[in-house]
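Hi,

Here is the structure I promised to pass on.

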Amino acid sequence: MSSKPEKSSGSAAASASASGHDVPESLRRLDRLANVGLVSASLAHEIKNGLVAVKTYTEVLLEKGDDNQMTELVRRELTRIDGLASQMLRLSAPKASTPKTLNLHQTLDHSLRVLEYQLRDRFITLQRDYSASPDTVRGDEAQLQQAFMNLVLNAVEAIGQNGELTVRTVLTPAANGGQRLRIFFQDTGPGITPENLARLFEPFFTTKKNGTGLGLAITRRVAEDHQGDIEVTNEPGSGAVFIFSLPAA
Ligand SMILES: Nc1ncnc2c1ncn2[C@@H]1O[C@H](COP(=O)(O)OP(=O)(O)OP(=O)(O)O)[C@@H](O)[C@H]1O
Ligand SMILES: [Mg+2]
């Protein structure tokens, strides 16, 4: 995992970089992630195997019509557990990445389109301010889309109802003489408390009743796999801002 902090200072006192500054902490994090990765990959694998049989029998029961309500409930929960296990596998297993040259704004638009309904349903207005030009990057489209969707979903969940999500892109000079594309996801939710700010990217850290706490851990992994990073700040009076950055192609 590479991680290259090209620092931007946070816009508020409370800011955290996913890259970390002191070596011991980042090593601890790597170690934790490696352990979690190993354990969760094997667990996820076993869970998914076990579920195949259980799911098949549930289908049979549903077809036979025995207590459909109960069986339907079991089926729904099984699907949820199966999804959870898949997410654990995605987080921990080595991924087959297929990098190609992409137009970042197109990938962003794909991610936003998938979540269009969620935004509309909750009366959340979307502002797009794409000023990065050109917007080409080398990357794995599916992984980047997953990372962006995680960030948008979190913003939607933080806002709840009635608010605004702003997605902004800029091109900035990088330390190595190249350029970096920075994508800002800013919401009008409550922002993040200082205690939580330090823990957001830890796998399984969640403050949500039904959260898995894997969204940001996955997002950070995707950023790192693209020689990028992710930072978060609180924008006074207007919620959280997540900044995903990666090298411009
Ligand atoms: N935009 C945001 N505004 C406020 N808090 C946020 C925001 N994004 C993330 N968080 C906090 O970070 C925590 C971790 O987020 P993460 O996406 O990793 O997991 P989750 O959303 O809780 O669960 P899931 O696995 O379903 O994504 C959240 O539970 C929430 O407390
Ligand atoms: Mg999430």
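Which residues are buried in helix H3 (residues 104-114)? They are Leu104, His105, Thr107, Leu108, Ser111 and Leu112, where buried means under 20% relative accessible area, exposed over 50% and partly exposed in between (1.4 Å probe, protein chains only). These residues sit on the same side of H3, because they cover an arc of only 160 degrees around the axis, taken from the directions from the helix axis to the C-beta atoms. Helices here are DSSP runs (H or I, at least four residues), numbered from the N terminus.

Before you read on: this is a predicted model, with local features needing pLDDT of at least 70 and side-chain atom pairs pLDDT 80 or more, while totals for chains, interfaces and linings use all residues. Residues are numbered from 1 along each chain as written, chains are lettered from A and ligands numbered from 1 in written order, and side-chain values use heavy atoms, without hydrogens or water.

Helix H7 (residues 215-225) is largely enclosed by the rest of the structure, because 10 of its 11 residues are buried. Among them are Arg220, Arg221 and Glu224. Just after H7, glutamine 227 has a positive phi of about 50 degrees.

Now for H5 (residues 141-159): its end C-alpha atoms are 27 Å apart, which agrees with the 27 Å that 19 residues should span at 1.5 Å a residue (1.5 Å times one less than the number of residues). Just after H5, glycine 160 takes a positive phi too, of about 80 degrees.

Finally, leucine 43 belongs to helix H1 (residues 23-64) and counts as partly exposed because its relative accessibility is 45%.

Cheers

Conventions. Helices (H or I, at least four residues) and strands (E, at least two) are DSSP runs, numbered from the N terminus.
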